[in-house]
Amino acid sequence: MKIGCPTEIKPQEFRVGLTPNAAQEAVAHGHSVIVQKGAGLGAGFTDEDYTAAGAALADTAAEVFATAEMIVKVKEPQAPERAMLREGQVLFTYLHLAPDPEQTRDLIASGATCIAYETVTDDRGGLPLLAPMSEVAGRLAPQVGAWSLQKANGGRGVLMGGVPGVGPARVAVIGGGVVGTHAARVAAGMGAEVTVLDRSLSRMRYLDDVFGAVFRTRYASAGNTAELVAEADMVIGAVLIPGAAAPKLVSRAQLSTMKPGAVIVDVAIDQGGCFETSKATTHQDPIYEVDGIVHYCVANMPGAVARTSTLALGNATLPFLLALADKGWRKACADDPHLAAGLNVHAGRITNAPVGEALGLAAITPAAALAA
Ligand SMILES: NC(=O)c1ccc[n+]([C@@H]2O[C@H](COP(=O)([O-])OP(=O)(O)OC[C@H]3O[C@@H](n4cnc5c(N)ncnc54)[C@H](O)[C@@H]3O)[C@@H](O)[C@H]2O)c1
């Protein structure tokens, strides 16, 4: 199969869909790979890294789209990219179609087969192509929170680990899923005193079994949440109710109970945020203050560490990418229902029920698309 990887054009996106290692594996499987010149630079991969891996280089995205049978990206295709997609071509990338009618309309019109990273599933009910970005954002959260706690950045001037004779920072993590667990581990590793709040007893049992000596768990009742938020130097928001906006768990009035200069890192901001006072920020201007509390609410945190994020995403996408290339999308999806769950649009039809519902458009099942 001819696999193509264009340079990402969404503002502030430095990741790349295909790493040189992934290109090398695809070539070893007998496929040809074409990468747009400069596509990997933001993640620290040179054109020479790709040619050494056996890939060909293209001067323009148009050349990549015209040549490739499958396009591999990171972000949803932007309007000029959508205009280059064609019937029968496979697109493998993050799509997030539910809130995006314009993109959905263009993908339907293209006739392409569009497989979304975010709806590919696994045996344990997880989302294996979203998890790496949650791991990155979770581990990054205490790092950016620690920076925000510094006095010059508006914070309380508290060091995460304290020093001998001086207590550590107190960190409350609301939501103990992928983001929350990784955030708690790193915050505890920095020496902070960490408590994770969740509403899932089975999740807290798991966390207690595995991390009982590293951080504590508390049930996320409104009372417990209020108490821990008031005591905290840093609160990390990491809740998710799949398919729904994040619940607002901390009100503006509660900010007055917090310590002046305490820090909120709302990782759940991409789902609207779990603090009433959260609003999305960018890496250029990541923090703002409300009622003396520093807020960090960057919606695409993994972009700050584009190289790590690209490598982590590449590890997760590679087996699916190879299956799609080796077998063709139809057999790869027929053989693997988890990959088939990634099918969002095929030949002018929506093939994912929640996307159809969200946009008020008819959808067929992936199975129906495979049978057609
Ligand atoms: N800002 C970013 O760059 C970025 C990057 C990755 C993920 N995220 C977001 O981070 C959030 C968490 O993602 P995840 O992968 O950890 O999800 P996850 O499903 O693994 O974990 C969510 C956890 O929240 C818990 N929860 C749900 N409602 C709760 C409540 N009312 N109180 C306490 N806990 C509650 C669940 O039991 C679960 O353990 C999502 O909104 C995700 O989109 C943001």
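Reader: In what order do the strands of the open sheet of eight strands run?
Author: In this predicted model, the order is S3-S2-S1-S4-S5-S6-S14-S15, and the pairing is mixed.

Reader: Which are its edge strands?
Author: They are strand S3, residues 56–58, and strand S15, residues 349–350. Each of them pairs on one side only.

Reader: And in which sense do S1 and S4 pair?
Author: Strand S1 (residues 2–5) and strand S4 (residues 70–72) are paired in the parallel sense, over two bridges. Glycine 4 has isoleucine 71 of S4 as its bridge partner.

Reader: Which strands does helix H11 lie across?
Author: Helix H11, residues 306–335, lies across S1, S4, strand S5 (90–93), strand S6 (113–116) and strand S14 (343–346). Its direction is at about 150° to S5.

Reader: Turning to the open sheet of seven strands, what is the order there?
Author: The order is S9-S8-S7-S10-S11-S13-S12, with mixed pairing. S9 and strand S12 (287–290) are the edge strands, each pairing on one side only. From one strand to the next, the twist averages 25°.

Reader: How many bridges join S7 and S10?
Author: Four bridges, in the parallel sense; S10 covers residues 234–237. Valine 173 stands opposite isoleucine 236 in S10.

Reader: One more topic: at what angle do helices H6 and H7 cross?
Author: The axes of helix H6 (residues 131–148) and helix H7 (residues 178–189) cross at roughly 35° and come within 7 Å. The crossing of H6 and H7 is right-handed.

Reader: Which residues make the contact?
Author: From H6, they are Ala131, Ser134, Glu135, Gly138, Arg139, Ala141 and Pro142. H7 contributes Val178, Val179, His182, Ala183, Arg185, Val186 and Ala187.

Reader: And how does the contact of H6 with H7 divide by class?
Author: Eight of the residues are nonpolar, three are polar and three are charged.

Note on methods: Residues are numbered from 1 along each chain as its sequence is written. This is a predicted model: local features need pLDDT of at least 70, side-chain atom pairs count only at pLDDT 80 or more; totals for chains, interfaces and linings use all residues. Side-chain values use heavy atoms; hydrogens and water are left out. Axes are lines fitted to C-alpha atoms, for helices over the stretch in contact, and angles run from 0 to 180 degrees between N-to-C directions. A crossing is left-handed if the near helix is turned anticlockwise from the far one by less than a right angle, and right-handed if clockwise. Contact means heavy atoms within 4.5 Å. Ala, Val, Leu, Ile, Met, Phe, Trp, Tyr, Cys and Pro count as nonpolar, Asp, Glu, Lys and Arg as charged, and the others, Gly among them, as polar. Two strands pair if DSSP finds at least two bridges between them.
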